[in-house]
Amino acid sequence: MEHPNDDAHADLSPRTKVVALGRPERTAGAALNPPVTFTSTYIQDGPINYARVDNPTWTPFEEAVGELEGGRALLFSSGMAAVHAALSLVPAGGTVVAPAAAYNGVVVSLTEAEQEGRLSVRWVDVTDTDATVAALPGADLLWLESPSNPLLELADISALTAAAHEAGTLVVVDNTFATPLLQRPLEDGVDVVVHSATKYLAGHSDVILGLTVTADTEHGRGLHTRLARQRTLGGAIAGPMEAWLALRGLRTLSLRLERACANAADLAERLRSHPRISRVRYPGWGAIVSVEVTGDGDGTEAAEALTTGTRVWSPSTSLGGVESQLERRRRQPGEPEAVPVNLVRLSVGVEDVEDLWTDLRRALDALA
């Protein structure tokens, strides 16, 4: 494989890079695609001695995502495995500054760690830059999502990263919603980028994978080494078939994301005028739209009825696939109370937008 940070693809658009990166070297008779290596061990005295340490099938996907993000990537068995690896950078008894409304797996993990006395958490509204900066002194790590899940709030990544580094605080950004095609946090000085590769990067709702990405600098390489050791000792390694499928899915990321984003912008505008929608949350880009549904009481039953009243949209708890999915997020245990009970998160897929709108409108009209 070519080195992830060589100049071979530096002049190419990211839309081309998702197709070109992670290919075998061009030699006569070589395969166009990398092979899948199924093995648990290797003949001794080679570069790898055991498959918990490395697998050649991981490398192309790591190289591709690493270059797209502008750094070095590590593949993990799930997004939460990547999250926990990033949180392992916090020393025992350390302090984390984190959004009060974030992905519930992160919120639950931090809450339980604090209850067990392993760390302290300062919960903040990351849209309030001044208040977040005020919480940084003495903190070991700042955790950011932008857009956040599922409220789709935006944080000033550049300003917060600069303030965090001035306070001696590491910064981790979950870039799952944006992908490196829409946002590259390492360019803002972020220390670690986290992805649930299950979502947009793989893109077909058929694998569970996660990634961390660090800058190709002395500081970033040090973090990379610590994260790799956490992966090896924790055993949160990816299966080779999942890694291969994820790389295949990455090839169409640009096409999928372009269509899904266009659909999302269209649907967000139409939803604003529907009488059963009290609020549309959409930051103006990306392929996720969250809506708050009106109904009797607090709207819980109406929101739930919407998710079960569609034919094209799938009621399921994930996002970033080619298919459109919707879910009332507060039905999930551990979802932050800051998330309204009547909020439905829409992961907009690549279907015909008129079919998506007709399906949603019929389900909304039926609530009356």
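Mentor: Strand β5 (residues 170–174) pairs with strand β6 (residues 192–196) in the parallel sense over 3 bridges. Helices (H or I, at least four residues) and strands (E, at least two) are DSSP runs, numbered from the N terminus, and two strands pair if DSSP finds at least two bridges between them. This is a predicted model, where local features need pLDDT of at least 70 and side-chain atom pairs count only at pLDDT 80 or more, while totals for chains, interfaces and linings use all residues. Residues are numbered from 1 along each chain as its sequence is written, and side-chain values use heavy atoms, with hydrogens and water left out.

Trainee: Which residue in β6 does V172 stand opposite?

Mentor: V172 faces V192 there.

Trainee: And what holds paired strands together in general?

Mentor: Strands of a sheet pair through backbone hydrogen bonds, either parallel or antiparallel.

Trainee: OK, what is the strand order in the open sheet of 7 strands?

Mentor: The order is β1-β7-β6-β5-β4-β2-β3, with mixed pairing. β1 (71–76) and β3 (119–124) are at the edges with a single partner strand each, so one side of each has no neighbour in the sheet. On average, neighbouring strands of this sheet are turned by 20 degrees against each other, direction ignored. Axes here are lines fitted to C-alpha atoms, for helices over the stretch in contact, and angles run from 0 to 180 degrees between N-to-C directions.

Trainee: Which strands does helix α4 touch?

Mentor: Helix α4 (residues 104–115) packs on the sheet against β2 (94–99), β3 and β4 (141–145), and its direction makes about 135 degrees with that of β3. Contact means heavy atoms within 4.5 Å. Helix α8 (residues 218–234) lies across β1, β5, β6 and β7 (210–215), at about 10 degrees to β1.

Trainee: Switching topic: why is helix α3 described as largely enclosed?

Mentor: Because 7 of the 9 residues of α3 (residues 79–87) are buried, the rest of the structure largely encloses it. Buried means under 20% relative accessible area (1.4 Å probe, protein chains only). Among the buried ones are A81, V83 and L87.

Trainee: What about E69, buried or exposed?

Mentor: E69, in helix α2 (residues 58–69), is buried and has no salt bridge. A salt bridge is a side-chain nitrogen of Lys or Arg within 4 Å of a carboxyl oxygen of Asp or Glu. The nearest side chain of opposite charge is R184, 5.9 Å away; Lys and Arg count as positive and Asp and Glu as negative, with His and the chain ends not counted.

Trainee: So which side chain makes a polar contact with the side chain of E69?

Mentor: That is H195, at 2.6 Å. A polar contact is a pair of N or O atoms within 3.5 Å; within protein, one must be able to donate a hydrogen and the other to accept it, and residues adjacent in sequence count only if both atoms are side-chain atoms.

Trainee: And R251, where is that found?

Mentor: R251 is in the loop between α9 (240–250) and α10. R251 is also buried without a salt bridge, and E63, the nearest side chain of opposite charge, is 9.1 Å away. The R251 side chain reaches the backbone oxygen of V19 at 3.1 Å.

Trainee: Last one: how many residues sit between β8 and β9 in their hairpin?

Mentor: There are 6, and G284 in the turn has a positive phi of about 100 degrees. β8 and β9 pair in the antiparallel sense over 4 bridges.

Note on methods
Buried means under 20% relative accessible area, exposed over 50%, partly exposed in between (1.4 Å probe, protein chains only).
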